[in-house]
Amino acid sequence: MMRAAAAATTMKTTTPSYSYLTARKTMTQNGTPARTIKNHQMDNNNNDRRRRRRQRILHIVSEGTGRFIVGGNWKCNGNRESVKALVDALNKNIANIEKNCDIYCCPTFLHLNYVKENLDTRFKVCAQNSWVEADLVDPEHHYDSTTGAFTGEISAEMLEDLQVPFVLLGHSERRTLLGDTDEIVGKKVAHARYHGLSVVVCVGETLEERENGTTFDVIFKQLKAVAKEIDDREHSSWGSSVVIAYEPIWAIGTGKVATPEQVQEVHSKIRSWLAENVSEDVAKATRIQYGGSVHASNCADLAKLSDIDGFLVGGASLNGDDFAAICNASSVHYKAVGR
Ligand code: PEP
């Protein structure tokens, strides 16, 4: 079972999944969604049943089962010279990076194609965002093109065309500085999935939210917005193509890394939430990364956690040697969890 789940979560190739192709074909034939919307919350109104199920789930979903996955978020950094230097440094390190780890790098849109063409193919490229219209509420229109009169934006269609396999969505910097609401993130996820992209969805709380005890309310609301949108279209492939990155905002770029206990608690609760609100299979197969001041020197302690499936790395991903060392924490993880 573990091995099957691990295989299911292996890095997605650029070829769109069968379900994605089937869904799109059916959509364009008759103009309406072909698959029945299966809303888990609505299906599951019986409170007693839910409580019993929750108790059972808490025992089942206490660990991740997928391949370790490490992402490098280069943010708004780099110029032609420094991006080339980073690509060269990563390529030089490839022989030292364990093969048991999936890796993606997120350069700016400007550098995406250069990186894709020049970085060793063991590193997948990942866009840092993709566009979707805020008022895309009608399921029929949901599948419409988002290319057109949207100056300055990049669409999932374009990423698909460039064969970019991953997109990072809902990063806290986009949520707090650039107005990405939970609802918009959910729509972006669904639209990117529709175009065959695997997505990394970032969730996480501010320091104030942690201190006032609303961490899980915030995270579950963020997850709910994604589940609501993705549920009816790409639900079956969620486990293999949606990675969740738990990134407490207070730990991003601050040097203040969350403690292993804090990370484990949040990751296992995210997994339980997925089991209750999406499905148990999805909960087991979904990889949950931790992000927030991860460095070569602190990654090993975190990698030992059973519920961590990898890292999303900002600052330290700009150094090829450090990033390679963080990728190699995969071996620490497998050893600690006995895999
Ligand atoms: C991030 O921006 O996703 C991040 C985790 O940044 P840092 O590693 O620099 O905290």
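Buried means under 20% relative accessible area, exposed over 50%, and partly exposed in between, with a 1.4 Å probe and protein chains only. The views below show a predicted model, in which local features need pLDDT of at least 70, side-chain atom pairs count only at pLDDT 80 or more, and totals for chains, interfaces and linings use all residues. Residues are numbered from 1 along each chain as its sequence is written, and side-chain values use heavy atoms, with hydrogens and water left out.

**View 1. Strand S1, residues 68–73, is mostly covered.** Helices (H or I, at least four residues) and strands (E, at least two) are DSSP runs, numbered from the N terminus. Six of the six residues of S1 are buried. Phe68, Val70 and Gly72 point one way from the strand, while Ile69, Gly71 and Asn73 point the other way.

**View 2. S1 runs parallel to strand S2, residues 101–106.** Two strands pair if DSSP finds at least two bridges between them; six bridges join S1 to S2. Ile69 has Asp102 as its bridge partner in S2. From S1 the chain passes through helix H5 (residues 80–93) to S2 in a right-handed β-α-β crossover (with the strands pointing away from the viewer, the path from the first strand over the helix to the second runs clockwise).

**View 3. S1 also runs parallel to strand S8, residues 310–313.** Four bridges join these two strands. The partner of Gly72 in S8 is Val313.

**View 4. Asp307 lies in the loop between helix H16 (299–303) and S8.** Asp307 counts as buried because its relative accessibility is 0%. Its side chain makes a polar contact with the side chain of Gln264 at 3.2 Å. A polar contact is a pair of N or O atoms within 3.5 Å; within protein, one must be able to donate a hydrogen and the other to accept it, and residues adjacent in sequence count only if both atoms are side-chain atoms.
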